[in-house]
Structure formats: structure tokens, C-alpha cells
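Please keep the structure open while reading.

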Amino acid sequence: MLALTSIWTTILLAAAVALGPLATDMYLPALPQIGSDLNASIGDVQLTLSFYLAGFAMAQLFCGPLADRFGRKPIMIAGFFIFALASIGCARATNVDSLMLFRFLQALGGSAGPVLGRAAVRDIYTPQQSARIMAILASIMALAPALAPTIGGVMVTHLGWASIFYVLAGYALAMMAIVAIGIPEPMRPEYRQPLRPASLLKNYRLIGTDISFLGYTLTNSLMYSSLFAFISGSSFVLIDFLGVSPQHFGLYFAFVVAGYIVGNLLAVRLGTRLSPDQILLRGILLAAAGGTVMASLALAEVYSVWAVMLPQAVILCGTGMVLPQTMAGALANFPRMAGSASSLFGFAQMTIAAGSGALVGYLHDGTSLVMALVIATSTFAALASYVLLVQRFPAPGFEPEASV
């Protein structure tokens, strides 16, 4: 097996965490076709995304505590198996209601990768090291959303949308085998937590009342909401409104994901000379600037592909700087219950993001305006959370510097 601190272990953890983005991004180009084939409205089709996030959020509340009791590997392996079975169910769905159900079940298994990937990084590294490692992990993981829509667009054109879910099932089964064989158990035996309701409630109460945890989690969740608002609305805005073909949709999506990768790499490079807080603030300000430009163009009725994509690339560059810092900051105080902390963190992130995606679907007016306004609002709400909570209650080692 690989050493826990090996770069190959980081790559395998990134591949495991990437299951979540793959399950959303690969089928984005298929959303209009799914609606047509299943006789479903835009709102109902977008609910398949929100159902996935809702299931993802709920499952994390149980996934982390189970991993704190039994270890990271067995829970991750079981999650991949459930994901694979549910993906086959999605492929065979004959109406939008059954697709929503199987997407929900898919999320129950898919939550294991991101939750336990974050927890494993906290198991292996110190909080300050974790911020840099999570940025590296995010850079590798970002290859999935960069490539997935392009692959999905080609598949939906030539093989039909069901083929996307069969590929996801195969990916999950492959990851199940790789994790079982290639990665050692990262959790220390002495850190195992009892699996009793009273203990779980006590742990969640301890984590959920930590003001530092709340600040980093809320900032992360609001920033992630801006990303999910784009994920939820981009295929309808680009394909239906602006006339981009499903095959080319993935190329545009890869362009904005490149902004995210640039943000991750900046966070890694700046991490050698700036504090996590300095990187975090720069990222939030950059995202808020991009959100302002996108919303302003939409309000001025400047409707073009690049009026959406260029500001979104800037937003994702800022997001790539913010997310690793907030993940590491949220878990910093909980080395003995990193699984539970990661679960509660992920639950908040996915719940808020699901609401953002549902809002875009419910209010969609056939243009880019609603999506742009939700994205901009989310970035400014993240900035407010940072100023009011994170700066006042930083995690140890994440204290703001006098100069920015």
C-alpha cells in the first residue's frame, strides 16, 4: 500500500472526492434532453440536482460518525457500492420522479468520498498543512468538472443520457477496488469514537456551537452556493437561451473550471508566504468582484456567452482560493472527531447549495438574469460571513494579519 503522505495517496483521495462533482457535472449537458425524454419541466429537471444535494447533505450526518467509529476505508467502500447501484437505477429511470429517487439514493453513497477525503487529510496533516494539501487535492480534483461536461456532451449526443450513469457506476466500482487495495487506513485507532446516540449528539453539539467552525462553514457554504447556482442554471442559460450545442457546452464549462484550478494553484503558491486568512480574503474579494460584473451585465441586458463565462471564471478563481482555506479552518479544532466535523460541514454546505440551486430553477426567467443575481448575492453573503465571523473568531494558526 501507499504511504499516507505520498502524493499518490493525495491523488487517490482526489479521485474519491471527485465522485461528487462527476455526479453533477457529467450530466449537465443532458438536462434539456432528459426533460424532453421524460416530459418534465425545467424546474423538475433541476430538482434532480437539488435532490442529489439534499441526499448528499443528509447522508453526511451519518457517514462521518460511522467513519469515526469504524474507520474511513470501510465506510468509503460501502458508499461507492451504494452509489454504483443507484447510478444503474438512474440510467433505467422512465420518469422524472424515479430519476429524482435514484439521484437521492446515489447521493447517499456518493457522500462518502468527499466527507472522508476531507477527514483523511485532517487525519494525516496538521491544520496549517491541511490548507495547502486541500488546495493541491482540489487542483487535481478539478480535472473532473473540467472534463466531465465535455465527455457528457459527447455521450448524450451519440449514446443517450443513460450512458452517463452507467459510466458513473463503473467509476464508483473502480474507486471501491482502488481504495480497498491502495490506501492505508488513515485514522488513528485511539481516535475512534463510540457509536451511541448520546455521544453523537454530544459531538455534534460541541462542533455546532464552535463559533470558529460556524464562521468557516458558513463562508464556505455561501461561496459554494454561488458555484452551484451556476451549475444548476448554466446548461439552460447556455444551451437553451444562448444557443450553445450540448457537445460544445463542456468546452465552455472547462474554461470556467480552469479559473478554479488557477485559484487552487494560487492558494498553493501563496501558501508559502501568506497566511491562510490573507489568501481567504483575497479570494472572497475576487469572487465578489466577478459576481458584481456578471449581475451588472445581466441587469443591463447584455446577453452573450462571454458576459456569463468571463465573470464566472473570475468567481471560480476566487472560489478556488477560498474553499481549501475554509475547509481546513473548519476542521482545525477537531482532530479526534474529524469525520463528524466533516459531516456537519458538508451537511451545511450541501443544504445551502441545494437551496441556491432550487431558487435558480424556481425563478428562472429564460435569461441569465436570475442565475447572475443569485451568484452575486452568494458571493457578497460569503464576504459578510467572513467579516462578521471568521475575522473575529479565527481557527488557531488562521489568525488575520495586520496587513492584507
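## Cysteines

Buried means under 20% relative accessible area, exposed over 50%, and partly exposed in between, with a 1.4 Å probe and protein chains only. C90 counts as buried because its relative accessibility is 0%. C317 is buried too, at 11% relative accessibility.

A disulfide is a pair of cysteine sulfur atoms within 2.5 Å. By this rule the count is 0 disulfides. For C90, the nearest cysteine sulfur belongs to C63, 19 Å away.

## Basis of the model

The model is predicted: local features need pLDDT of at least 70, side-chain atom pairs count only at pLDDT 80 or more, and totals for chains, interfaces and linings use all residues. Residues are numbered from 1 along each chain as its sequence is written, and side-chain values use heavy atoms, leaving out hydrogens and water.

## Nonpolar patch

F81, L85, I88, Y166 and L173 make a nonpolar surface patch of about 450 Å². Patch residues have over 30% relative accessible area and no salt bridge, with nonpolar side chains (Val, Leu, Ile, Met, Phe, Trp, Tyr) joined within 5 Å. A salt bridge puts a side-chain nitrogen of Lys or Arg within 4 Å of a carboxyl oxygen of Asp or Glu. Areas come from the Shrake-Rupley method with a 1.4 Å probe.

Helices α5 (72-91) and α10 (162-182) each give two or more residues. The largest share, 3 residues, comes from α5. I88 sits in helix α5. I88 is partly exposed, at 34%.

## Helix α14

Helices are DSSP runs (H or I, at least four residues), numbered from the N terminus. Helix α14 spans residues 276-299, 24 residues in total. From first C-alpha to last, α14 reaches 35 Å, close to the expected 34 Å. That expected span is 1.5 Å times one less than the number of residues. Just after α14, E301 takes a positive phi of about 60°.

Terms used:
Patches are made of residues with over 30% relative accessible area and no salt bridge: like charges are joined within 9 Å, nonpolar side chains (Val, Leu, Ile, Met, Phe, Trp, Tyr) within 5 Å.
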